[in-house]
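Here is my note on the model you sent. Please read them beside the coordinates.

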Amino acid sequence: MDELGRIHQLIVPLFGHNMVFNLEAIAMAWIVMAILLFFGFYAAKKKSRLPGPLQALGELFVSQLYMLSEDALDEKLGKKYAPLICALFMFLMLSNLLGILPHLEEPTKDLNIPLSLGLMGFVIAHYAGIKEKGFKKYLSAYIEPMFFMMPLNVIGELAKVVSISFRLFGNIMGGSIIILVVSHLTYSIIMPPFLNAFFGLFVGTIQAFVFTMLTVVYISVQVK
Amino acid sequence: MAFDVETWVNVAAFVGGGTAMGFGAIGAAIGEGYTAADANLAISRNPAISGEIFKSMLVGQAIAESASIFALVIAMILLFTEFSNSSYITVCVLLASGLSMGLGAIGSGIGSGYPAAAACKGMARQPEMSGRLTTNMLIGSAVCQTPSIFALVTSFILLFTNFSGRPISPTWAAILGAGLSSGLAAIGSGLGGGLVAGASCEGISRQPLTVTPVTNVMLLGQAVTQTTAIYGLLVSFILMFKVFPETGSMAPPMALLGAGLCMGLGAIGPGVGEGCTAQNAVRWIARNEKATGDLTRIMLVGQAVAESTGIYALVISLILIFVV
Amino acid sequence: MAIEGMDIIKAAAFLGAGLSMGLGAIGPGVGEGMVAAKACEAIGKNPDEAGLLTRTMLVGQAVTESTGIYALVIALLLLFVV
């Protein structure tokens with residue numbers, strides 16, 4: 001049970017401050033990225049009319065997520081941001097599923113990864129908003145509909161980032177702790193696979209989808 | 001019963017963790033149940049698009065769950081962290097942090113169930129609008145959870161601030177009051193915000209052409225409904241960050257605890273009431289788009305009057321903190 | 001009656017576990033009841049779709065149960081581990 005709180009960290013002193021690297025999260029994230037790169041390379045290698053399994057899977061992901069992105073944003077912007085949405089969803093879904101494999105754990109279990117993805121979505125949304133509407137109109141959106149609403153709107157924007165990051169982090173971390181505790185308590189081999197299936201496949205996929213959809217919606221709110 | 005401080009800190013950590021998850025599980029489950037219930041009805045009404053409705057139900061439930069996940073995170077932190085600077089203040093900090101997040105998750109959980117339910121019902125009625133309905137459900141639910149984020153922020157600040165330089169009495173009451181104020185105030189605002197978002201999804205499904213005014217008035221109504229949660233957060237911040245002089249008597253601590261309770265409980269009613277107002281305003285804008293200006297005006301006036309008791313509670317809280 | 005320090009910590013852990021599961025059982029109970037009620041109504045309105053509606057009801061109830069499971073886990077942690 002002491003594994004619960006232990007995080008392997010690499011602390012590098014730099015200019016008087018300590019730079020802390022959480023080794024497990026970084027390693028797992030690199031594994032996910034390697035799998036995705038291999039998948040992308042081999043799926044797109046032979047583009048044939050009768051797709052093989054890898055290509056069919058790739059086409060499924062791309063077509064569904066492009067449709068999602070174009071539904072929420074308009075045609076032109078939809079095509080522009082769709083690769084980001086596709087990459088985000090595939091990265092998150094594979095990360096959340098990684099816990100099922102033995103000796104591997106989900107990189108999204110560390111708060112840094114969901115928080116950084118949330119901040120990335122936030123920055124992209126506001127950048128898209130400024131580029132589309134121009135700086136003056138973007139600022140005036142904070143004042144509407146009445147002047148004293150400005151602190152509320154600013155707080156609301158920050159709350160959006162916190163909420164999507166913590167939602168993903170809490171679901172995945174909570175699920176992994178539950179699996180650990182139940183395995184410790186029941187000493188059986190029958191329960192943990194079912195729990196793993198529920199938390200990893202079901203909850204992991206839904207949370208990845210919710211995170212991606214919310215990012216798309218935030219971009220579309222800023223752009224309109 | 002003279003135990004050392006370490007014992008009491010552990011006691012408070014466990015009771016606080018249990019309270020946080022206990023209260024936090026209530027709201028989300030009720031909201032998710034309401035969503036699944038209306039999704040069932042929607043599928044029976046229009047079985048052809050049951051796939052879309054099922055997907056919306058799952059997404060809506062996942063969002064409604066998020067406030068309980070925050071409570072789970074706080075409970076885990078309370079159970080497993082070693083608190084180094086132990087004093088009697090730490091005891092109160094742990095209890096207050098658990099109370100704050102636990103209570104704060106109730107309203108947002110129940111509230112987030114309404115837009116998801118209305119989106120599922122709306123898809124059965126108007127399958128072509130399913131994209132727009134999903135978007136409004138997501139926006140409405142996300143805004144409706146802002147009060148529980150305020151409670152989470154209060155919990156984190158309580159856990160990670162160093163209170164060691166303060167006198168024990170009356171700071172213990174200030175900290176408990178801060179936790180109660182944020183936690184209780186989030187109940188009403190979360191519920192009210194959810195009502196508005198639900199009405200907007202219902203309105204869009206009835207009259208797809210009114211998307212823009214409905215969404216705008218929904219955001220406006222939700223923003224005004226959250227003001228009571230902001231008062232609760234404000235009182236919490238004042239109670240946490242103001243350094244109170246040491247006292248020996250019971251009256252000043254009770255004043256601070258009373259201030260927290262007053263603002264917390266006093267924010268529940270106006271939150272729900274303003275939510276009802278905005279809900280009906282949005283519902284009738286969808287049916288009668290020409291009256292948007294009049295309806296918006298009446299909604300704002302009505303919400304301002306409904307806010308009045310919330311403002312009385314804020315004033316009494318501030319008097320209890322600063323004057324008494 | 002000399003109560004030791006460890007006793008009262010265990011007492012508090014048990015109290016916390018009780019609070020957690022006790023309060024945590026309220027929500028899923030109400031929520032799952034609402035799901036089942038509306039599922040009955042839905043099947044009554046459209047009996048041909050009974051299979052699909054039952055499946056949806058069960059999935060909805062499973063997701064609603066999840067917060068109750070979190071409260072159960074916290075209670076078990078407080079009882080046996082901490």
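1. Chain A, contact order. Among chain A contacts between residues at least 6 apart in sequence, 64% join residues at least 24 apart. Two residues are in contact if their C-beta atoms, placed from the backbone, lie within 7 Å.

2. Basis. This is a predicted model; local features need pLDDT of at least 70, side-chain atom pairs count only at pLDDT 80 or more, and totals for chains, interfaces and linings use all residues. Residues are numbered from 1 along each chain as its sequence is written, while chains are lettered from A and ligands numbered from 1 in the order in which they are written.

3. Chain A, layout. Chain A has seven helices and two strands. Both kinds of element are DSSP runs, numbered from the N terminus: helices are H or I with at least four residues, strands are E with at least two. Along the sequence the pattern is β-β-α-α-α-α-α-α-α. The C-alpha atoms of chain A fill a box of roughly 60 × 55 × 40 Å along the principal axes. Of its 224 residues, 32% count as buried. Buried means 20 or more other C-beta atoms within 10 Å of the residue's own; exposed means 12 or fewer, and partly exposed lies in between, with C-beta atoms placed from the backbone.

4. Chain B against chain A. How many residues does each chain give to this contact? Chain B gives 24 residues and chain A gives 26 residues. On the chain B side, helix 2, helix 3 (66-80), helix 5 (130-144), helix 6 (146-160) and helix 8 (211-225) each supply at least two residues. Helix 3 of chain B gives the most, with seven residues. The side of chain B that touches chain A divides into 18 nonpolar, six polar and no charged residues. Here Ala, Val, Leu, Ile, Met, Phe, Trp, Tyr, Cys and Pro count as nonpolar, Asp, Glu, Lys and Arg as charged, and the others, Gly among them, as polar.

5. Helix 3 of chain B. At 1.5 Å a residue, its 15 residues should span 21 Å; the end C-alpha atoms are 21 Å apart, which agrees. The expected span is 1.5 Å times one less than the number of residues. Of the 15 residues of helix 3 of chain B, 14 are buried, so this helix is largely enclosed by the rest of the structure.

6. Chain C against chain B. This contact takes 48 residues from chain C and 42 residues from chain B. Helix 1 (5-24), helix 2 (26-45) and helix 3 (50-81) of chain C are the elements that give two or more residues to the chain C side. Helix 3 of chain C gives the most, with 16 residues. The side of chain C that touches chain B has 28 nonpolar, 15 polar and five charged residues.

7. Helices 2 and 4 of chain B. The axes of helix 2 (residues 50-64) and helix 4 (residues 88-125) of chain B come within 9 Å and cross at roughly 170°. Axes are lines fitted to C-alpha atoms, for helices over the stretch in contact, and angles run from 0 to 180 degrees between N-to-C directions. That makes helix 2 of chain B roughly antiparallel to helix 4 of chain B (over 145 degrees; under 35 is roughly parallel, 65 to 115 roughly perpendicular, the rest oblique). The contact residues divide into ten nonpolar, six polar and one charged.

8. Helices 4 and 6 of chain B. Their axes come within 8 Å and cross at roughly 170°. Helix 4 of chain B is therefore roughly antiparallel to helix 6 of chain B. This contact has nine nonpolar, eight polar and no charged residues.

9. G111(B). This residue is found in helix 4 of chain B. With 39 C-beta neighbours inside 10 Å, G111(B) counts as buried. Leaving aside neighbours within four places in sequence, its contacts include G31(B), C144(B) and G190(B).

10. The core. Of the 192 residues in the largest nonpolar core, F70(B), A71(B), A75(B), I175(B) and V282(B) touch the most other members. Such a core is a set of buried Ala, Val, Leu, Ile, Met, Phe, Trp, Tyr and Cys residues joined through C-beta atoms within 7 Å. Its largest share, 22 residues, comes from helix 1 (residues 5-45) of chain B.
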